[in-house]
Amino acid sequence: MSLEATRINDDKVELMRAWSTEKFYPHILPYKDNIVGRLQEEIENARNRLLEQPETNLTTKTIKELEIDRLRFLVISYLRTRLLKIEKHVQYIIETEEMFDRLSPGEQKFAKQYFELQQAHLNTMFLGSIPDVLKAGDEDNLRVEPNLNTYVFCRVREDLGQVDIEGEVVALSTGDIYVLRSGSITPYIEQEQFDLI
């Protein structure tokens, strides 16, 4: 296996982990810019190679097309998961600098536009038709924050030894699977020491 193929395979595995963790963790995680960029480039290159080199063997061509589609599905699923999370928590993400900085430039633009459209729709359809006296409500009541009290299944990626999690000392070894409250493992998720499954 060539060095390039090994790197692409490593990127696939890493993006699958990132996708799974993003899917199950309440907060938006930092965007995997390098990995997504390399995989998108590989998808484009593989398509071009497939078009330039007509295969005489239909089976080989079909297998290559399926692999390209699998890679494309993985990238799209990761991006879709992030967009759904942005839509769900858009006001929280925009108002929290740390969360907003985790977005890609495209996601930042999407979040701003989506929030503006959401606010305009709310004003047009609902707030515009009620008396001003009733409009004096707190806008933070409309803000949906991620719930860090949810429980998640997680797999330990590396030996961490004895660790205090919510007042209980737990021995965390590679491959161990636990069900833990997501808020209690935030540092481990952000340092990529746990995978959510």
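These legends walk through several close-up views of a predicted model.

Residues are numbered from 1 along each chain as its sequence is written, and side-chain values use heavy atoms, with hydrogens and water left out. Local features need pLDDT of at least 70, side-chain atom pairs count only at pLDDT 80 or more, and totals for chains, interfaces and linings use all residues.

**View 1. Helix α1 meets helix α2.**
Helices (H or I, at least four residues) and strands (E, at least two) are DSSP runs, numbered from the N terminus. Here α1 (residues 3–24) packs against α2 (residues 33–52) at an angle of about 125°, with the axes 10 Å apart. Axes are lines fitted to C-alpha atoms, for helices over the stretch in contact, and angles run from 0 to 180 degrees between N-to-C directions. That angle makes α1 oblique to α2; angles under 35 degrees count as roughly parallel, over 145 as roughly antiparallel, 65 to 115 as roughly perpendicular and the rest as oblique. The crossing of α1 past α2 is left-handed, a term for a near helix turned anticlockwise from the far one by less than a right angle (right-handed if clockwise). From α1, Glu 4, Arg 7, Ile 8, Asp 11, Lys 12, Glu 14 and Leu 15 meet Ile 35, Val 36, Arg 38, Leu 39 and Glu 42 of α2. By type, the residues of this contact of α1 with α2 are five nonpolar, no polar and seven charged. Contact means heavy atoms within 4.5 Å; Ala, Val, Leu, Ile, Met, Phe, Trp, Tyr, Cys and Pro count as nonpolar, Asp, Glu, Lys and Arg as charged, and the others, Gly among them, as polar.

**View 2. Helix α2 beside helix α3.**
The axes of α2 and α3 (residues 58–88) come within 10 Å and cross at roughly 155°. The two helices are therefore roughly antiparallel to each other, and α2 passes α3 in a left-handed crossing. Residues of α2 in the contact include Val 36, Leu 39, Ile 43 and Leu 50, while those of α3 include Ile 68, Leu 71, Val 75 and Leu 79. The residues of the contact of α2 with α3 divide into 10 nonpolar, one polar and seven charged.

**View 3. A sheet of three strands.**
Look for an open sheet with the order β4-β1-β5 and antiparallel pairing. Its edge strands, β4 (177–181) and β5 (194–196), each pair on one side only; two strands pair if DSSP finds at least two bridges between them. On average, neighbouring strands are turned by 45° against each other, direction ignored. Five bridges join β1 (residues 151–156) to β4, and Cys 154 has Tyr 178 in β4 as its bridge partner. Helix α1 packs on the sheet, touching β1 and β5, and its direction makes about 70° with that of β5.

**View 4. Two loop residues with positive phi.**
Glu 166 has a phi near 55°, a positive value in a residue other than glycine. You will find Glu 166 in the loop between β2 (161–165) and β3 (168–172). Glu 192 also has a positive phi, of about 55°, although it is not a glycine. Glu 192 sits in the loop between α7 (186–190) and β5.

**View 5. Two stretches named in UniProt.**
An unreviewed UniProt entry places "domain: GINS subunit" at residues 61–125. That stretch is 91% helix and 0% strand, with its end C-alpha atoms 52 Å apart. The UniProt feature "domain: DNA replication complex GINS protein SLD5 C-terminal" (unreviewed entry) is placed at residues 146–197. Over residues 146–197 the chain is 10% helix and 46% strand, and the end C-alpha atoms are 18 Å apart. UniProt positions are given in the numbering used here, feature names are shortened, and annotations may be inferred rather than shown by experiment.
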